Amino acid sequence: QSQSNLSKLIRPYASPDNSQTWRTCTNGDNKMGYTCGLWQLFHIMTIGVVEYNRHNTPIIPTRQVSEILRNYVEHFFQCEVCRLNFLDMYDNCAFDGCHRLSDKLSSNEHDWRELPIWLWMTHNDVNTRLLGERMSQNNQPKPNQWESQQARWPSLYTCPNCWREDKSWEEDEIFDHLHSMYWSGNPSYIKIPSEENEPRKPVRSIWKVGGFLFCIISLAAWFVRLSKAHHHSGRHKKVDH
């Protein structure tokens, strides 16, 4: 469980062209975007579980994937505050995660969809909390209802069908929006040349890079093996009844 082991796993699938890198969420700055890109990868993984279960057997249980995601954050996410906040939310069953996510081999797609919906809820909560922290640091009042709504995604403008009149969410519409965003072709990566004066060109979306997805699946399988002992180490975990 180390950065070097993770690098060894990923290296065979890296581009042989070391003069260029692949980035997203950078807004043109190569030193920015890691956390945003990591969230995008998590969303792709959770939508990918639904896609996999639609076409393959055996079914992948949603809690198995969420535990892998949790353990990745615990061992590899270097933002200490971010890591601790995420682990606290997961281990304390935020957003009913201990019931939404299951070890059962369900054949019901609704059960599989609980994983990307749970992650989306978690991500929105993080965005809302960060907004409050930024405003507090700038000695501004707490976010009002409109400001908190703007911090959540998707916006009313982006996905009007995702919002009900009472400002709650329509989860089936949310899943469809997540699927269109993270599986059907957006967002795309931007290829950033090593020379600053070279033009930038759009390239294939991340999920169309088969080798990289295979790497993620391999990483998931690796964490399953490594986390078996961790599950019995005393960490409290609620289970389905």
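**Backbone and helix packing**

Tutor: The model is a predicted one. Phe95 lies in the loop between H4 and helix H5 (97-100).

Student: What is the phi of Phe95?

Tutor: Phe95 has a positive phi of about 60°, although it is not a glycine. Most residues other than glycine have a negative phi.

Student: Is Phe95 buried, partly exposed or exposed?

Tutor: Phe95 counts as partly exposed because its relative accessibility is 31%. Asn139 also has a positive phi of about 60°. Asn139 sits in the loop between H6 and H7 and is exposed, with a relative accessible area of 74%.

Student: Which peptide bond joins Trp153 and Pro154, cis or trans?

Tutor: That bond is cis, with omega about 0°; Pro154 is in the loop between helix H7 (145-151) and helix H8 (171-182). The bond from Thr57 to Pro58 is cis as well, with omega near -5°, and Pro58 belongs to the loop between helix H2 (34-55) and H3.

Student: Now the helices. At what angle do H4 and H6 cross?

Tutor: The axes of H4 (residues 80-91) and H6 (residues 109-137) cross at roughly 135° and come within 12 Å. H4 is therefore oblique to H6, and the crossing is right-handed.

Student: Which residues meet there?

Tutor: Asn85, Phe86, Met89 and Tyr90 in H4 meet Trp118, Thr122, Asp125, Val126 and Arg129 in H6. By class, the contact has five nonpolar, two polar and two charged residues.

Student: And Arg63, buried or exposed?

Tutor: Arg63, in helix H3 (residues 62-76), counts as buried because its relative accessibility is 3%. A polar atom of the Arg63 side chain lies 2.7 Å from the backbone oxygen of Leu101.

Note on methods. Residues numbered from 1 in each chain as written. Predicted model: local features only at pLDDT ≥ 70, side-chain atom pairs only at ≥ 80, totals over all residues. Heavy atoms only, no water. Axes fitted to C-alpha atoms, helices over the stretch in contact; angles between N-to-C directions. Helix = DSSP H or I, 4+ residues; strand = E, 2+ residues; numbered from the N terminus. Parallel < 35°, antiparallel > 145°, perpendicular 65-115°, else oblique. Left-handed = near helix turned anticlockwise from the far one by under 90°. Contact = heavy atoms within 4.5 Å. Nonpolar A, V, L, I, M, F, W, Y, C, P; charged D, E, K, R; others polar. Buried < 20%, exposed > 50% of the residue type's maximum accessible area, 1.4 Å probe, protein only. Polar contact = N/O pair within 3.5 Å; in protein donor to acceptor, adjacent residues only side chain to side chain.
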